[in-house]
Amino acid sequence: MPRSKALLIALAPAALAACERTVPTSDAPAAAAPPAAVRPPAPATALAPAPVGKDLPPINGPDPRYVGRWAAAATACGHEAWRFSAQELETPGEVACTFGKVTPTPGGYDIDMTCVAEAPPAPSTLHLRFAESAKAMLVSGGPFSGEVGLVYCGPPEATLNR
């Protein structure tokens, strides 16, 4: 037998042992799997679904329904929330808007506003619609391209950061 093949055969059991696996041979029975306590736990993300957003604010509440903290996913509520007050919006992407006329519409609001981002202030109209079954608010118009879905994170903070 060639020397490299013999060396490979001789080292194979050591390599497999390093992986904590045994190789059954015809002379020996297969080793039992390690007890459950020895196996590493499965990652939590593999066991549980992603968190679901909170219920939407009430339709006839004391504040407009959009008031509060909203995020693209429930997991982003703590650090990437959009903050809506009755008259302002701030996003984690450094967009700050001041609202003018707020018009209730079927399913949401149309809001005339002026926003500051990386350009001079520009007037625009923001469209907010509520998707009841998805527990989400859909945002379009204004400085945002396309439609953005946001889940409700909770009531607003005492003041917006300015």
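This briefing walks through the fold, disulfides, core, strand pairing and backbone of the structure above. The model is predicted, so local features need pLDDT of at least 70 and side-chain atom pairs count only at pLDDT 80 or more, while totals for chains, interfaces and linings use all residues. Residues are numbered from 1 along each chain as its sequence is written, and side-chain values use heavy atoms, with hydrogens and water left out. The protein chain has two helices and eight strands, where helices (H or I, at least four residues) and strands (E, at least two) are DSSP runs numbered from the N terminus.

**Overall make-up**

- Along the sequence, the elements of the protein chain come in the pattern α-α-β-β-β-β-β-β-β-β.
- Of the 162 residues in the protein chain, 25% are buried; buried means under 20% relative accessible area, exposed means over 50%, and partly exposed lies in between (1.4 Å probe, protein chains only).
- Among the contacts in the protein chain with a separation of 6 or more, 35% are between residues 24 or more positions apart; a contact means heavy atoms within 4.5 Å.
- The protein chain has an accessible surface of about 10,800 Å², and 61% of that belongs to carbon and sulfur atoms. Accessible areas come from the Shrake-Rupley method with a 1.4 Å probe, and for residues only the protein chains shown count as cover.

**Disulfides**

- A disulfide is a covalent bond between the sulfur atoms of two cysteines. Here the term is applied to a pair of cysteine sulfur atoms within 2.5 Å, and the count by this rule is two.
- With bonded cysteines counted along the chain, the pattern is 1-4, 2-3.
- C77 is joined to C153, with an S to S distance of 2.0 Å. C77 sits in the loop between β1 (68-71) and β2 (82-84) and C153 in strand β8 (residues 144-154), so this pair ties together parts that are 76 residues apart in sequence.
- The torsion about the S-S bond of C77 and C153 is about -75°, so this disulfide is left-handed. Both C77 and C153 are buried.
- The other disulfide is formed by C97 and C115, whose sulfur atoms are 2.0 Å apart. This pair links distant parts of the chain, with C97 in strand β4 (residues 96-105) and C115 in strand β5 (residues 108-116), 18 residues apart.
- For C97 and C115 the torsion about the S-S bond is about 105°, so the disulfide is right-handed. C97 counts as buried because its relative accessibility is 0%, and C115 counts as buried at 6%.

**Nonpolar core**

- The largest nonpolar core has 22 residues, and those with the most contacts inside it are Y66, F84, L126 and M137. Such a core is a set of buried Ala, Val, Leu, Ile, Met, Phe, Trp, Tyr and Cys residues joined through side-chain atoms within 4.5 Å.
- At least two residues of this core come from each of β2, β4, β5, β6 (122-131), β7 (136-141) and β8. β5 gives the largest share, four residues.
- Leaving aside residues up to four places away in sequence, L126 touches a set of residues that includes F84, L89, I111, M113, V139 and F144.

- β1 and β8 run antiparallel and are joined by three bridges; two strands pair if DSSP finds at least two bridges between them. The bridge partner of W70 in β8 is Y152.
- β7 and β8 also pair in the antiparallel sense, over five bridges. They form a hairpin with two residues between them, and G142 in the turn has a positive phi of about 60°.
- A136 belongs to strand β7, and its bridge partner in β8 is V151.
- A136 counts as buried because its relative accessibility is 9%. Not counting residues up to four places away in sequence, A136 touches L56, W70, R129, F130, A131 and L150.
- A136 and A72 are 64 residues apart along the chain, and their C-alpha atoms are separated by 9.2 Å.

**Positive phi outside glycine**

- E94, a residue other than glycine, has a positive phi near 70°. E94 lies in the loop between β3 (88-90) and β4 and counts as exposed at 64% relative accessibility.
- K135 is also a residue other than glycine with a positive phi, near 50°. K135 lies in the loop between β6 and β7 and counts as partly exposed at 29% relative accessibility.
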